[in-house]
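User: I would like to learn how to read the contacts in a model of this kind, one feature at a time. Could you take me through it?

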Amino acid sequence: MSYHKELAAAKKAASLAARLCQNVQKALLQSDVQSKTDKTPVTVADYGSQALVSFVLQQELRAEFSLVAEEDSKDLRKDGAQEIVERITKLVNYSLTSDGSYNVTLSTEDVLKAIDSGRSEGGSQGQHWVLDPIDGTKGFLRGDQYAIALALLDGGKVVLGVLACPNLPLTSLKDAGQHSPNNEVGCLFFAEVGGGTYMQPLDGSSAVKVQVSAVENPEEASFFESYEAAHSMHDLTSLIAQKLGVKAPPVRIDSQAKYGALSRGDGAIYLRFPHKGYREKIWDHAAGCIVVTAGGVVTDAAGQPLDFSKGKHLDVDTGIIVTNQKLMPLLLNAVKESLKEKAPSS
Ligand SMILES: Nc1ncnc2c1ncn2[C@@H]1O[C@H](COP(=O)(O)O)[C@@H](O)[C@H]1OP(=O)(O)O
Ligand SMILES: [Mg+2]
Ligand SMILES: [Mg+2]
Ligand SMILES: [Mg+2]
């Protein structure tokens, strides 16, 4: 089965959402930051991006669709939120119409409804879109890396993914680091099952095929991890890297931009070990997973593939690791030994 139409719609939605986020990041004001019950910062851009992606998918596909997305309109429907809802609506309308993509004016209620169409629970039957409207909100607020991550599940498997990374340099992080000196940033990664992975500049110029690094010697490999120590245990990942023989220091970046950078070989390994009690969500990995499948393998710490068919959460054993097929057995060993060493003795 081909998903060309869905892929074209997803690319359009993610590109427009990326532009919305770029506009907000430029003008980021303190009042744009809200607090949700889980205390993660949610900005008008998270909501705007979700409303916009939901609207564009509906317009382009013109069919019933199911969307599992991170945000909902609960906080926006509370007293006192009217002003922020109006700001989100203005932003969404501007982003949809400013380049002539659509000729529409959404009302505040249209926008709230579009946000809430992301309330699906997913599962193993049929098709479900999976969206993180801004992945790496902390990076976004800091002016660093973030991503708009959109994927399609069919029968519980990821069949396409699009990852827009507005601040990721077009050239390898190996050369320029996270901040491109000449400001050539903005990458769109996309992949369809069995069709390889492509990257194109967010400004729309042509796409190139990309490939995960084929490095076989861990001494020549570098690894990515969360910028935030609260999201992944840096002491554990450093032990794993040491056991594996990795020489380079960790490259710490926010969001699924790590998967994007890995998919084009900027580094060879991604290690993610959240603190105890954290449950991974499907929208934090679905798009990232499929863009690295051209040469890469994604598993949990026990070597099992990620299962996207169980609803919103991923039931992973301890952590998530990504590398190429050659390095995976060595990495799994290093992970196993490190976990044993770190485990409290009984
Ligand atoms: N306590 C936590 N541990 C691990 N990941 C978290 C935690 N809180 C939020 N996240 C999510 O982790 C991802 C970012 O991780 P990182 O950038 O470190 O790779 C985001 O999806 C972020 O959500 P959000 O989408 O709201 O930014
Ligand atoms: Mg969040
Ligand atoms: Mg996220
Ligand atoms: Mg998010």
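**Salt bridges, domains and ligand**

Analyst: The structure holds 18 salt bridges, a salt bridge being a side-chain nitrogen of Lys or Arg within 4 Å of a carboxyl oxygen of Asp or Glu. This is a predicted model, in which local features need pLDDT of at least 70 and side-chain atom pairs count only at pLDDT 80 or more, whereas totals for chains, interfaces and linings use all residues. Residues are numbered from 1 along each chain as its sequence is written, chains are lettered from A and ligands numbered from 1 in the order in which they are written, and side-chain values use heavy atoms, with hydrogens and water left out.

User: Which residue forms a salt bridge with glutamate 60?

Analyst: Side chains of opposite charge can pair when their charged atoms come close. Here the partner of glutamate 60 is lysine 12, with the closest N and O atoms 3.3 Å apart. Glutamate 60 lies in helix H2 (residues 44-61) and lysine 12 in helix H1 (residues 4-26), so the pair ties together parts that are 48 residues apart in sequence; helices (H or I, at least four residues) and strands (E, at least two) are DSSP runs, numbered from the N terminus.

User: How is the chain divided into domains?

Analyst: Domain bounds come from an automatic or database domain assignment. In this case domain 1 covers 4-210 and domain 2 covers 218-342, and their C-alpha centres lie 23 Å apart.

User: How many residues of each domain are in contact?

Analyst: Contact means heavy atoms within 4.5 Å, and by that criterion 49 residues of domain 1 touch 30 residues of domain 2. Between the two domains there are 3 salt bridges. Lysine 312 also forms a salt bridge with glutamate 121, where the closest N and O atoms are 3.8 Å apart.

User: Which residues come nearest to ligand 1?

Analyst: A residue is near a molecule if one of its heavy atoms lies within 4 Å of it. Of the 15 residues around ligand 1, those that come nearest are Asp135, Ser226, Ser255, Lys258 and Asp284. An oxygen atom of ligand 1 is 2.5 Å from a polar backbone atom of serine 255, and an oxygen atom of the ligand is 2.9 Å from a polar backbone atom of glycine 136. For glutamate 70, a polar side-chain atom lies 3.2 Å from an oxygen atom of ligand 1.

Definitions and conventions. A polar contact is a pair of N or O atoms within 3.5 Å; within protein, one must be able to donate a hydrogen and the other to accept it, and residues adjacent in sequence count only if both atoms are side-chain atoms.
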